[in-house]
Amino acid sequence: MRVLGVDPGLTRCGVGVVEGVAGRPLTMIGVGVVRTPADAELGHRLVAIERGIEEWLDEHRPEFVAVERVFSQHNVRTVMGTAQASAVAMLCAARRGIPVALHTPSEVKAAVTGSGRADKAQVGAMVTRLLRLAEPPRPADAADALALAICHIWRAPAHNRLQQAVAQHASALKGRTR
């Protein structure tokens with residue numbers, strides 16, 4: 001399974017591609033950051049993020065895209081920018097028919113470090129270890145994107161079984177109403 005992880009942000013949008021399956025060693029395919037100037041007009045920044053993500057999708061051909069779920073922060077302006085960048089990533093994937101999964105920051109931290117309250121340094125250290133890298137990816141947005149991809153690879157089998165069970169249940173209910 002090849003997953004593009006996206007840590008959304010207007011100034012720095014982390015992107016990372018990981019390949020593998022749960023229970024086996026994972027491989028980093030690529031990691032980086034799509035950057036936009038803070039003083040640029042919002043529309044231009046979103047277009048730049050779209051172009052950057054499209055380039056990653058073209059180059060790496062992921063089967064899934066995992067995006068950090070936007071959560072409420074105290075700074076509304078930061079949340080809005082994060083949500084807008086997140087929407088661009090989801091749109092790029094949806095346009096190509098690539099399934100998108102959203103993972104909360106605490107879900108990603110728990111999957112990668114064992115603690116939903118881990119700090120950025122702990123996440124970076126575990127990403128480095130899990131992907132057998134010489135050093136942690138920089139900036140932290142890049143490491144977070146890889147952590148999102150790892151989280152999705154590890155959680156996808158359980159998530160897929162849950163979706164199948166829900167679909168079977170819905171199908172069984174429909175069969176009873178006919």
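## Asp 39 and its setting

In this predicted model, Asp 39 sits in the loop that lies between strand E3 (27–35) and H1. With a relative accessible area of 71%, Asp 39 is exposed.

Two packed helices are described by the angle between their axes and the distance between the axes. For helix H1 (residues 42–60) and helix H2 (residues 76–95), the axes come within 9 Å and cross at roughly 40 degrees. The two helices are therefore oblique to each other, given that angles under 35 degrees would count as roughly parallel and those from 65 to 115 as roughly perpendicular. The crossing of H1 and H2 is right-handed.

On the H1 side, the contact is made by Leu 42, Leu 46, Ile 49, Glu 50, Ile 53, Glu 54 and Leu 57, while H2 contributes Gln 84, Ala 85, Val 88, Ala 89, Cys 92, Ala 93 and Arg 95. By residue class, this contact of H1 with H2 divides into 10 nonpolar, 1 polar and 3 charged residues.

When neighbours within four places in sequence are left aside, Ser 86 is in contact with Pro 8, Val 67, Glu 68 and Val 70.

In helix H3 (residues 105–113), the buried residues are Pro 105, Val 108, Ala 111 and Val 112. They cover an arc of only 135 degrees around the axis, and therefore lie on the same side of H3. An α-helix has 3.6 residues a turn, so residues three or four places apart point the same way. Just after H3 comes Gly 114, which takes a positive phi of about 95 degrees.

H3 packs with helix H4 (residues 120–130) at an angle of about 50 degrees, the axes being 9 Å apart. These two helices are therefore oblique to each other, and H3 passes H4 in a left-handed crossing. The contact is made by Lys 109, Val 112 and Thr 113 of H3, together with Gln 122, Val 123, Met 126, Val 127 and Leu 130 of H4; these residues divide into 5 nonpolar, 2 polar and 1 charged.

## Backbone geometry in the loops

Most residues other than glycine have a negative phi, and most peptide bonds are trans. Against that background, Arg 61 has a positive phi, near 45 degrees, in a residue other than glycine. Arg 61 lies in the loop between H1 and strand E4 (64–68), where this residue is exposed, with a relative accessible area of 57%.

Arg 132, which is not a glycine either, has a positive phi of about 55 degrees. Its place is in the loop between H4 and H5, and at 52% relative accessibility Arg 132 counts as exposed, for which the cut-off is over 50%. Pro 139 is found in the loop between H4 and helix H5 (140–177), and the peptide bond that joins Arg 138 and Pro 139 is cis, with omega about -5 degrees.

Conventions
Residues are numbered from 1 along each chain as its sequence is written. This is a predicted model: local features need pLDDT of at least 70, side-chain atom pairs count only at pLDDT 80 or more; totals for chains, interfaces and linings use all residues. Side-chain values use heavy atoms; hydrogens and water are left out. Axes are lines fitted to C-alpha atoms, for helices over the stretch in contact, and angles run from 0 to 180 degrees between N-to-C directions. Helices (H or I, at least four residues) and strands (E, at least two) are DSSP runs, numbered from the N terminus. Angles under 35 degrees count as roughly parallel, over 145 as roughly antiparallel, 65 to 115 as roughly perpendicular and the rest as oblique. A crossing is left-handed if the near helix is turned anticlockwise from the far one by less than a right angle, and right-handed if clockwise. Contact means heavy atoms within 4.5 Å. Ala, Val, Leu, Ile, Met, Phe, Trp, Tyr, Cys and Pro count as nonpolar, Asp, Glu, Lys and Arg as charged, and the others, Gly among them, as polar. Buried means under 20% relative accessible area, exposed over 50%, partly exposed in between (1.4 Å probe, protein chains only). The arc is that of the directions from the helix axis to the C-beta atoms.
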